[in-house]
Amino acid sequence: MIYPKIPLAQSLLEICNAKDIHDIVISPGSRNAPLTIGFASNPAFQCYSIADERCAAFFALGIAQQKQKPVVLVCTSGSALLNYYPAVAEAFYSQIPLIVLSADRPKSKIDIGDGQTIRQENVFANHILFNANLHEDASEENDLKVNEAIAIAVNQKGPVHINAPFEEPLYETVSELSVQPLLVESKQQKKEIPALDVFVQLWNSAKKKLILIGGNYPDAIDAALVNQLANDASVVVMTEVTSNLHHPNFISNIDTQITPFTDDDFKAFQPEILITLGGMVVSKRVKAFLRKYQPKQHWHIDALRAYNTFGCLTHHFETTPNAFFSVFLPKTMAIESDYLQNTLKVKALRKIKHADYLKTIPFSDMKVFETILPMLPENCQLQISNSSPIRYAQLFDIHPSIEVFCNRGTSGIDGSTTTAIGAAFASGKPTIMITGDVSFFYDSNALWNSYIPKNFKIILINNGGGGIFRILPGHQETPVFNTFFETSHSLTAEHLAKMYGFEYFKSDDEIKLQTAMKVFLAADKPAIIEIFTPTEINNQVLLKYFKNLV
């Protein structure tokens, strides 16, 4: 076996191996050579080489998203580390475990004008769960910090940073270990569910209970519990495309349901009890509704964190939804209520109006989503970029067998494609990415990647700029808007597809799209279908949609 000669590097490798941390994403560099040599020379580790550190971090995020266990990021010293930050922030807010392992210059070289040197310690301070600033020599103190960092990444589900200084020479190797690092067993403290009598009493006396589910892993909640909630006359369950939960009684198109509400409608729908679970919520309209028409009780169920998103949080149950509902629901009783019945009547009306309106619209972003979503193969994985795509997807039904993911922690467009590629590689499932043009071109280095599965495909909706800004209050048809907000362009993905070995298809009308989609989905290699939609029409179609739902 080949090991780096530097003892500190040996300790890091051995602790990762012992802790079952085996996915390692490495970006090229010299200062991290001891780590690169050690990880890549040991068959226990699965190493990936991604040159662009920003893409490397999102690729790791995609792997960790699917495996739900930490992935290690390894980079050289200097600005390389800073390029991890967008993915670190996403991991922090999406509760995805990442271990950032940065090589650094020794302390004596910091701030003296040495090359490729910055202040690396605590660089992610605002968006990290733990910083392990190591000393240059291997030591028990260092080992304890590394053990703690890994334990926190695993148990608290988020990013940690281990900063390791190495002095030259960096490339020397040995065949035997010179260290035996300290290993500390990680124990996660199990939190007990509190006494529920008071909460059961509140629940049993409330005729309007709303459950709002944000981003959620597939199969995270038992089907029996889902059915019990779905069939309670006093309960309305609202889900999003990323909730990965389905039932005919659920309200899965939130904006379609509530956008046309009048003040009286909102008051009638105002819940007495709100229960939230899962990750970040996409719908801005449901946030505005619950901030203005607040429930008396807001309970959040999550083993780790609770955000006071609506300004009325009254209790955080620090457990999983399965654990909570399996204890709580048997204690509750059914009460007479028309809350669900009235909501389902509105849902049925909206469904009719939705279908009627779609028959009238021209080729546009909305028509594209109406066309492509029913064509997606069952049991695939769907990754959606932020901005317009995730919001359009919220307006339509997606087959229950399709797993849906989106980087909603920070809701940024950066890294969407790279995350999707990492997730596709880790899951092994046929994966389709739906993205807008600005997000795609921003993250085009995602395609500079040797790990793209042949069953990975990109649906690129190109409307010539940041179309979402046209539906926001500041829209004006001026040079300032077009240049600095919408960022108008005439780029296409055709040459990028050719350069990176993707099969390329394109379409600019509904009939062509239906034909091209069939060939695109059948392609036996990575593929891109670029769909060109009219810039000026898209926002008009969407805004009229909500007016036609009444």
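1. Start with helix α12, which is the biggest contributor to the lining of the second largest pocket: five residues come from it. Keep in mind that you're looking at a predicted model.

2. Now for the pocket itself. The second largest pocket holds about 720 Å³ of space. Its lining has 34 residues, and if you want to find the centre, look for Ser-252, Asn-253, Phe-396, Asp-397 and Ile-398, which lie nearest to it.

3. What sort of residues line this second largest pocket? Sorted by class, there are 17 nonpolar, 11 polar and six charged ones.

4. Next, have a look at the largest nonpolar core, a group of 45 residues. Val-25, Leu-73, Tyr-84, Phe-440, Phe-456, Ile-458 and Ile-528 are the ones touching the most other members. Several elements put in two or more residues, including the helices α4 (85–94) and α15 (416–427) and the strands β4 (71–75) and β5 (98–104). Which element gives the largest share of this core? That's α3, with nine residues. As background, nonpolar side chains in soluble globular proteins tend to be buried together.

5. Leaving out residues up to four places away in sequence, Ile-458 touches Thr-417, Met-433, Thr-435, Phe-440, Leu-447, Phe-502, Phe-520, Ala-527, Ile-528 and Ile-529. Two of these names, Phe-520 and Ile-529, turn up again in a second, separate core of 42 residues, which also includes Ile-384 and Leu-513.

Methods:
Residues are numbered from 1 along each chain as its sequence is written. This is a predicted model: local features need pLDDT of at least 70, side-chain atom pairs count only at pLDDT 80 or more; totals for chains, interfaces and linings use all residues. Side-chain values use heavy atoms; hydrogens and water are left out. On a 1 Å grid over the protein atoms alone, a cavity is a set of points where a 1.4 Å probe fits but cannot get out, and a pocket is an open set with protein on both sides within 12 Å along at least five of seven lines; lining residues have an atom within 4 Å of a point. Grid points are joined across faces, edges and corners, and a volume is the space filled by probe spheres set on the points. Helices (H or I, at least four residues) and strands (E, at least two) are DSSP runs, numbered from the N terminus. Ala, Val, Leu, Ile, Met, Phe, Trp, Tyr, Cys and Pro count as nonpolar, Asp, Glu, Lys and Arg as charged, and the others, Gly among them, as polar. A nonpolar core is a set of buried Ala, Val, Leu, Ile, Met, Phe, Trp, Tyr and Cys residues joined through side-chain atoms within 4.5 Å. Buried means under 20% relative accessible area, exposed over 50%, partly exposed in between (1.4 Å probe, protein chains only). Contact means heavy atoms within 4.5 Å.
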